Amino acid sequence: MQKDFPGLDRFDRSILAILAEDGRIPIADLARRIGLSKSPTQARVKKLEADGIITGYRALLDPIRLGLDHVAFVEVRLTDTREKALSEFNIAVRKVPEIEQAHMIASNFDYLLKIRTGSMSEYRAVLAEKISSLPHVASTSTFVAMEAVKETGMSGALDTMG
């Protein structure tokens, strides 16, 4: 199923898909793979960056080799869901390094957090000292991941772009 992304043609979609897999690919190689010359390819990449579609480049780290193999998902219910409370919670969440992802959820709870630590005991400390003390937290429920079956980031979603 191909999605329609206004303003992005097949060359732009190809650039995004390739860069999502290999952000360090040389422009000459990228140009060859998408079927354009180097100058227009480089101009397209710069435009995608300027338009905020490409927001940056980063190294992907292997959390297992770094000793961060404990993953927990935490449902968080807040005591207050007015805009000021949500904003205070969001600001505080961004300051906790162990929170890898945080999503506001439309459900019977308010947020889903992905927490990565080195062990269950480290997670328990993060939960007690950091997550439970975030603004407006009423309750939490933890689900421990046993194995990551799929973690592709945006590159997987780009496969549907055509």
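**Strand pairing and helix packing in a predicted model**

Q: Which residue of strand 3 stands opposite Val71?
A: Val71 has Arg116 of strand 3 opposite. The model is predicted: local features need pLDDT of at least 70 and side-chain atom pairs count only at pLDDT 80 or more, while totals for chains, interfaces and linings use all residues. Residues are numbered from 1 along each chain as its sequence is written, and side-chain values use heavy atoms, without hydrogens and water.

Q: What makes strand 1 and strand 3 a pair?
A: Two strands pair if DSSP finds at least two bridges between them. Strand 1 and strand 3 (residues 111–117) have seven, in the antiparallel sense, and therefore meet the criterion. Strands themselves are DSSP runs of E of at least two residues, and helices are runs of H or I of at least four, both numbered from the N terminus.

Q: How many bridges join strand 1 to strand 4?
A: Seven bridges join strand 1 to strand 4 (residues 137–144), and the two run antiparallel. Glu75 has Ser141 as its bridge partner in strand 4.

Q: Why is strand 1 called largely enclosed?
A: Buried means under 20% relative accessible area, against over 50% for exposed and partly exposed in between (1.4 Å probe, protein chains only). Seven of the nine residues of strand 1 (residues 70–78) are buried, so the rest of the structure largely encloses this strand.

Q: What makes strand 2 and strand 4 the edge strands?
A: The open sheet has four strands in the order 2-3-1-4, with antiparallel pairing. Strand 2 (99–104) and strand 4 each pair on one side only. Strand 2 pairs with strand 3 over five bridges, in the antiparallel sense, and Met104 stands opposite Tyr111 in strand 3.

Q: Why is helix 2 called roughly perpendicular to helix 3?
A: The axes of helix 2 (residues 27–34) and helix 3 (residues 38–50) come within 9 Å and cross at roughly 100°. Angles of 65 to 115 degrees count as roughly perpendicular, under 35 as roughly parallel, over 145 as roughly antiparallel and the rest as oblique. Helix 2 is therefore roughly perpendicular to helix 3.

Q: Which residues make the contact between these helices?
A: Contact means heavy atoms within 4.5 Å. Ile27, Leu30, Ala31 and Ile34 of helix 2 meet Lys38, Thr41, Gln42 and Val45 of helix 3.

Q: Where does the chain divide into domains?
A: Domain 1 covers 10–51 and domain 2 covers 63–144, with bounds from an automatic or database domain assignment. Their centres, taken over C-alpha atoms, are separated by 36 Å.

Definitions and conventions
Axes are lines fitted to C-alpha atoms, for helices over the stretch in contact, and angles run from 0 to 180 degrees between N-to-C directions.
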